[in-house]
Amino acid sequence: MNQAIRRDPVPPDTRLPVVGRRLAARATAFQASPWSVPADLDHRHASPISLSSGAPSESLIPVERLTDAASRVWAEPNQWAYGGTAGYYPLREWLAHWLGERSIVTEPDHIVLTTGSQQGIDLAARVFLDPGDTVIVEGPTYIGALQVFDSYGATYLVAPMDDDGLDPDALERLLADRTARGLAAPRLLYTVPTFQNPTGRLMSAGRRQALVALARRHGIVVVEDDPYGELYFEDAPPPALRALDPDVISLGTFSKTLAPALRQGWMVLPPDLAEVMANAREVNDVMGDRISQRVIAYTVNGFLDEHVAWLRDQYRGRRDRLVAALGDGLPASVRLGRPAGGFFLWADLPDGMDAVDLMPDAADHGVLFLPGSWFYPDRRPDTGIRLSFSNVPPEYLDEGARRLTSAIAASLAVGAADR
Ligand SMILES: Cc1ncc(COP(=O)(O)O)c(C=O)c1O
């Protein structure tokens, strides 16, 4: 059942005008955005609290520092032309040094700046996937990555996870089963090992070693997406997969530590891939936003590490507050995660409760979350829910938890009455 899952195509939208009905097959992936549903649910309550957004807090964005940097950039001469596709060299230089301090050994020429890590996922898929190729994803995984892989006609192999992240032994068994059935090896493995979206889980050091070894044995390209690794609340996470294997493609972003609106991220590439990836990016959008890249270059130098240390305290406080408020209210039958970093807390509802059904009820109670099944390629039923604490002021987290607790209690009461 885990083999070669293909996402159900969205049925053709008959409301589309004639031209729209001539969409290419791959464009079925673009007909419905998962993000439109929480937006619709927003209207069911006068003052909803959204635990569904994966954005950083507006109030924690270093606006003054960015404004100073932007004023400097704006005043500079000779910066309005096209530039090299890989992006502003001094920022790539800074990144190579900064990544080196995190045991990721690379050089500026092997880094391509991207329009957020989302473009990094897209470029990796564009370069490695033919229609029908299989991608290994964690179950559950980041919705935005599924959107990308869908648009390249991918099929999926869902790798099981537990509290220590993706389980390489279980994946090995699935791969052996595929081989025994004469199926081709998957092309790509996409993973978020550190404070994963959506579960907040952290892959253990041992599993990281095992996973890169497994990928090597099977000739699978690993794409490691790491937007949250800097935002740890206790100990620093184990070394990135890219620190263990230079063939891993590693994606990073300034969206969570500075601001998503800057749309700047990066890819760290094996040397022989850097030119291909830059050329793929050239086809896609010629080059990135050089102004924004310069603003970041002037902002991060001598600032980012200190800023991130402060962010850790802020987000840790929000995590603690949500965990405490939920722990006080929820029944013991709800299994509550406690992420050691990042933006997301994962909770498992009592068996038999459907997280998708709970969504509109919770919206009526004034709280929004995302149901676990959305994070699987086949949208299989899942008791998990993703609760994001990053973009909710701490004092609202208590009320959000109270509303969620009431919604779950109401749903349990209906379930009991039905029995
Ligand atoms: C795992 C993961 N990858 C990529 C992204 C996209 O981020 P960016 O703003 O850098 O494109 C997100 C954003 O939520 C994410 O959680």
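Modeller: Start with strand β7 (residues 221–225) and β8, which pair in the parallel sense.

Biologist: What makes β7 and β8 a pair?

Modeller: Three bridges link them. Two strands pair if DSSP finds at least two bridges between them, so the term applies. Glu224 faces Ser250 of β8, and Asp225 has Leu251 as its bridge partner there. Keep in mind that this is a predicted model: local features need pLDDT of at least 70, side-chain atom pairs count only at pLDDT 80 or more, and totals for chains, interfaces and linings use all residues. Residue numbers start from 1 along each chain as its sequence is written.

Biologist: Why are these stretches called strands, and others helices?

Modeller: Both are DSSP runs, numbered from the N terminus: helices are H or I with at least four residues, strands are E with at least two.

Biologist: In which sense does β8 pair with β9?

Modeller: Antiparallel, over four bridges, with β9 spanning residues 265–268. Leu251 has Met267 as its partner in β9. In general, strands of a sheet pair through backbone hydrogen bonds, either parallel or antiparallel.

Biologist: What makes the sheet mixed, and what is its strand order?

Modeller: Eight strands run in the order β2-β9-β8-β7-β6-β3-β4-β5, and the sheet is open. Its pairing is mixed: β7 with β8 is parallel, while β8 with β9 is antiparallel.

Biologist: Why are β2 and β5 called edge strands?

Modeller: Each pairs on one side only. β2 covers 111–114 and β5 covers 165–166.

Biologist: What makes β8 a mostly covered strand?

Modeller: Five of its five residues, 249–253, are buried. Buried means 20 or more other C-beta atoms within 10 Å of a residue's own; exposed means 12 or fewer; partly exposed lies in between, with C-beta atoms placed from the backbone. Both faces of β8 are covered. Ile249, Leu251 and Thr253 sit on one side, Ser250 and Gly252 on the other.

Biologist: Is Gly327 buried or exposed, and how do you know?

Modeller: Gly327 lies in helix α11. Its count is 12 other C-beta atoms within 10 Å. The exposed limit is 12 or fewer, so Gly327 is exposed.

Biologist: How do you know where helices α3 and α6 run relative to the strands?

Modeller: Helix α3 (residues 89–100) lies across β2 and β9, at about 115° to β2. Helix α6 (residues 168–180) lies across β3, β4 and β5, at about 150° to β4. Axes are lines fitted to C-alpha atoms, for helices over the stretch in contact, and angles run from 0 to 180 degrees between N-to-C directions.

Biologist: What do the buried residues of α5 pack against?

Modeller: They pack against α4, β3 and β6. The buried set is Ala145, Leu146, Val148, Phe149 and Asp150. Contact means C-beta atoms, placed from the backbone, within 7 Å. Gly153 follows α5, with a positive phi near 70°.

Biologist: How many residues surround the ligand, and what puts them in its shell?

Modeller: 14 residues do, and the closest are Gly116, Gln118, Asn197, Thr253 and Ser255. A residue is near a molecule or strand if its C-beta atom, placed from the backbone, lies within 6 Å of it. Helix α4 (residues 116–128) gives the largest share, three residues. By class the shell has four nonpolar, nine polar and one charged. Ala, Val, Leu, Ile, Met, Phe, Trp, Tyr, Cys and Pro count as nonpolar, Asp, Glu, Lys and Arg as charged, and the others, Gly among them, as polar.

Biologist: Which residues make up the two domains, and where do those bounds come from?

Modeller: Domain 1 is 20–61 + 306–414 and domain 2 is 64–302. The bounds come from an automatic or database domain assignment. Their C-alpha centres lie 24 Å apart.

Biologist: What makes β11 and β14 a pair?

Modeller: Five bridges join them, and they run antiparallel. The pairing rule asks for at least two, so they qualify. Trp346 has Arg386 as its bridge partner in β14. Four of the five residues of β11 are buried.

Notes:
Two residues are in contact if their C-beta atoms, placed from the backbone, lie within 7 Å.
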